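Please examine the structure below with attention to its aromatic rings and to one of its sheets.

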Amino acid sequence: MAGSQWELPPELCCRPMAFVALTGLDVVYNAVHRAIWDAFCANRRADRVPISFKVLPGDHEYPKCRTKRTSYEWYIPKGILKTGWMNKHLNLVPALVVLFYELDWDDPQWKEKQSECATKVEIVRTSLQGRNTKVAVVLIQKKTPLPPGEDLVASERAATLCNACDLSGKSLFVLPHTDHLVGYIIRLENAFYEHAQTYYYTEIRRVKSHKEFLNKTTHQLLFVRHQFKIAFFSELKQDTQNALKYYRTAYSLVHELRAHETNMLEIKTMAGFINYKICRLCFQHNTPLDAIAQFRKHIDLCKKKIGSAELAFEHAAWMSKQFQSFGELFDEAIKLGLTAIQTQNPGFYYQQAACYSQDRKQQAQQLCQAGATYPSPEPLDTQSGGLDFYGQRPWRQGHQSIDPPDAEKEKTGILALQIKERDVPHSELIIALLSNAVAQFKKYKCPRMKSHLMVQMGEEYYHAKDYTKALKLLDYVMCDYRTERWWGLLTAILTTALRCAYLMASVKDYIIYCMELLGRASTLKEEQKLRIEKNLIKVLTNEVPDAEPECDSSSVSAAKSLWSDRMALAGSNELTIEVQDYIPFIQCKAKFQSPSFHVDQPIQLQVFLRADCPHPVSFNKLSVSLSNQEYNQWCVVESSGQESMSLLPGKTKRFNFSFVAKTEDVGKKIEVRLLLTVAGLGQPDHAAQYHVRLCSDTTQSECYWRSLFVQIISRVPKISVQLSHQPPALNNEMYCISVTIQSQEEGVAKDVKLTAGLKPGQDANLGQTTHVTLDGSKVCDDTAPALLPDVPLGDLKPGEKLEWCVYVKCVSTGPRVFLFHVAYSIDTTVEGRQIVCKCHKDETVTIETVVPFEVSVKFVSTKFEPLDRVAVDIPFLLMTDILSSSPWPLLLASSSLQLTGESASECFCLRCPPLTNSNSTVATGQYLISWRRYSSSADSPLIQTTVTLPHVILESVPLYIHADVPSFGRVRESLSVRYHIENRTALVQEVEMAVEPSDAFMFSGLKQVRLRILPGSEQQMLYNYYPLMAGYQTLPQLNISLPRCPTTNTHTLRRFLPQRIFVKPQGRQVDDASIAAA
Amino acid sequence: MAVCIAVIAKENYPLYIRSVPTQNELKFHYTVHTSLDVVEEKISAVGKSLGDQRELYLGLLYPTEDYKVYGYVTNSKVKFVIVVDSSNTSLRDNEIRSMFRKLHNSFTDVMCNPFHNPGDPIQSKAFDGIVSGMMVQTG
């Protein structure tokens, strides 16, 4: 077993449980006994009492108890703790022996059986002579017992049995073999547990009692031993608090021991044991910080206790074990629910353990020289085959003196240990510890620590000569260091990896690592680089490379033969190396001259190469791979014949490529994948055997090999598109936009197509309220589309001009963006190649749409007085005011009224038919206006705009009066005025009329009259007025009242009557005649 | 006094790293590199709770058997790492803090140099001098 010497003994690491021996059970042949035993063993979960049971034969020999020492006066202890002690109390000396015996209370042969049972008890007792071990008897009975006190026979017989066996009543149990076996068993074991507790309690007392006999000079070892024993018994008693206390005392005592080279190992071993126990209990008590503090203290105390310098590796091994077992304890506690953190997790302890194992390996290599022969006779053999005390030397057991008793024996012993150490597989141990640590650091988010440990693992595999595994690990972590740009560390890893690749004669890996070590990321010194480059060239020219420095000489010779085999094969020497994962010694960058090229321009690509290695390198082909493979043929440089291209160290070399894009790639992106085929890489004067292709997928790494795109865009159109129109557009009109297309091409523009209309991507409602047509002769309807696509316009000769009118009808107001897209194709030549280019030109224009005019309507009486309501059957006037909002003159066709100004008024005389229900409102209808722009041609369609007229309130009047008045009067000429009074009601109306006198008129007629008017009939009153003054004169006022119903407001009637009349001055006959003559 | 002093860029690559010449330089590189795990964790933990109210000095990052590693992060996420021998118990937290402050000041001077290209390794005699003053004097 590797390092088994340093493993902690299992009896130390287990959880101590009370040991109870069961005798009298035949578990092989007796089914009942088997069932009982199974009930004890099976399902021992945490809720069961902690007891370890063992079935032993009735006559089993227990370890003999040595005679008790009465005095310690002359006693000199030989060591701290005997190797067998823990095991003895865990597995050999029971706290309680239980004798199982089949006996029913009413057994016919009671007497005989009772004495047989007593004999068996006696046998057990004899075997346990001198020990405090308790004995108990369990009677296995077939019958279910009666409740206590009822079975008189039973209680009487129980008493006699106790007497015969010399047992207390508490130590006799009955186990009825019935259905509830497990229940009985659990009750039994609880009782056993109590007995065991008592036993361990007495043991603790017994050990404690020794203390008074001890003195501090000779019995120092015993102080430690006793404290340890008390603590251990406390643990068996499950009193972990006290156990911890005693272990702590033991720990401080162990460090008080006089330490010298001969007993250093013993002290450290015991200190390690006790420390383990303390840490374990601390974790168990959920006080991990105490555990960590204890461990730190332990390490600080022991770190410098190296002991014998010739066996320094032992100290390292022991230290490693301390860390490892603490790590394991910590890990176990985490599994049971403890939370660890990034800076305090088991990984650190495993890592440190690995670190000490590395020290151990180093010291072993220094101290254990090869060639020494193993001493004979075997100095490490002991009589018993093992050690009596923990941590002692086999060749001087029990010696506690400062100097070794036999110098010769000491020498051979040390030599034997050294030779044994040589065979220890150190690397294996280190790797196991490291991989434990890796697992932990992975869990606690320490990626860099993890990488570091993996590097160490790789290096350890390298030392263990497992190069495949080493390379795998190193290769895995390399990229972490590469992306974090820790070049120093990367170089160190690469150097190890290169050694592995060399020793394995792995050509491809060797080339890759060489290339990276030559590159700019490498921190190697110039002479190293020179050496590596020389080796690389050797490999490329099919020669065996020189060995890497610091390689094991035997491995080197093996590697040399491997290399020569490999070189002799010389089969397929084509290697493709994906360099996006590496930083190779040739840097390569590419660049397009411009981020985008027109399709009729040649695309210009530049590739830059630069070698970072110390010697010039040559290559014979450089090719570039583009996303469209067809272009690749234009981007190749190949050396002609034997002459190869070379790169000088530190100098950048530029290669220019130019090619013409395909028309189908317009609008696409072309991506460059640099595929640097450095075929025949080598020095200018060497013929390369290996063809190394460096290629990189630029999509994956942009860091070193640049990813590049170029956009191919369409040719610049040589065509002009002009729009002329008269904004703003008027609502509903056929708005004319005239498009003028003129070609400036040198060739014929073919397939000219116009797309005109609302630019897509605007408010969705605009699409519904905008209509585009080419036909301006009539008003288009709602079926016309918002965008006219691809109207073919035919070919366009150079300089030719095309004019098209596009009519737009905007149903709603607001701004709109219109697009005019002219597309055509043209033949052209680029670098001697005929290509057909598609060109297009876009024009957009924003047009505001406004309402052409605003129409307002009012109602007035025939006297142009504003009306808020109209009377039935009485004429009134409707006046419309049309206010133009258009900046352009409009032609209102329907009224034939032509205005240059802003407003047009129309009057309509209306009469409202009588209604059944008066005083209601009535709709007055719609008003239709036909119009067009004044500037538009005469045959352009008229636009109908409909205005809904407002509602008007109707009322009916009982009387209606109107007058027949001449249009003017003349001074001192008679003027007859006839008033008509109509009764509009179904009743006879009595009307009183009076004419008030006036200064301007004399008049004849009834001055005051009362009259009756029949329903629906009319009365006429005739007056002759005789004007006295010229000018506008107020007519004599006519007062009308209805005496029958004075409430009726006759005032309203007055508005129907004319108020004034124009009176001309007196005429002159002569003048009239002269005028007539003229 | 320190056995290793390092300046790490925002992107976690080394701008400056110097250790006592007597010991394995590579080991210190690894120590500094692995300490970045803790630095990153500490920065991200603070970022969540306090935002920009962050103390630059991160304190003891983690103790190894042989060394104590201290960290300091500037507001522009440039990290300073100082490695001290574990046996050196005379150094107090305050002294470590003042070492970091001095380092930071000197680093700021380097950055203020118009000929220094930010992101490049630090090659400054003044900075070297400050670092040398903090290192364990050997020989």
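The following paragraphs consider aromatic pairs, then a sheet, then charges placed over rings.

This is a predicted model, in which local features need pLDDT of at least 70 and side-chain atom pairs count only at pLDDT 80 or more, while totals for chains, interfaces and linings use all residues. Residues are numbered from 1 along each chain as its sequence is written, chains are lettered from A and ligands numbered from 1 in the order in which they are written, and side-chain values use heavy atoms, with hydrogens and water left out.

Over all chains, a search of the whole structure finds 44 aromatic pairs. Rings of Phe, Tyr and Trp (its six-membered ring) pair if their centres lie within 6.5 Å; planes under 30 degrees apart count as stacked, over 60 as edge-to-face and the rest as tilted. The planes of Phe295(A) and Tyr349(A) stand at 80 degrees, with the ring centres 5.6 Å apart, so this pair is edge-to-face. It joins distant parts of the chain, since Phe295(A) lies in helix H10 (residues 288-302) of chain A and Tyr349(A) in helix H12 (residues 346-367) of chain A, 54 residues apart. Helices (H or I, at least four residues) and strands (E, at least two) are DSSP runs, numbered from the N terminus. Both Phe295(A) and Tyr349(A) are buried, where buried means under 20% relative accessible area, exposed over 50%, and partly exposed in between (1.4 Å probe, protein chains only).

Phe1003(A) belongs to strand S40 (residues 1001-1004) and Tyr1025(A) to strand S42 (residues 1018-1027), both of chain A. Phe1003(A) counts as partly exposed because its relative accessibility is 23%, whereas Tyr1025(A), at 1%, counts as buried.

These two residues are also bridge partners. S40(A) and S42(A) pair in the antiparallel sense over 4 bridges; two strands pair if DSSP finds at least two bridges between them. In chain A, 4 strands form an open antiparallel sheet in the order S36-S38-S42-S40. Strand S36 (959-964) and S40 of chain A each have a single partner strand, so one side of each is left without a neighbour in the sheet.

The charged end of Lys1064(A) sits over the ring of Phe968(A), 3.7 Å from its centre. Likewise, that of Arg1060(A) sits over the ring of Tyr1032(A), 4.8 Å from its centre.

Terms used
A charge sits over a ring if NZ of Lys or CZ of Arg is within 6 Å of the ring centre and within 35 degrees of the ring normal.
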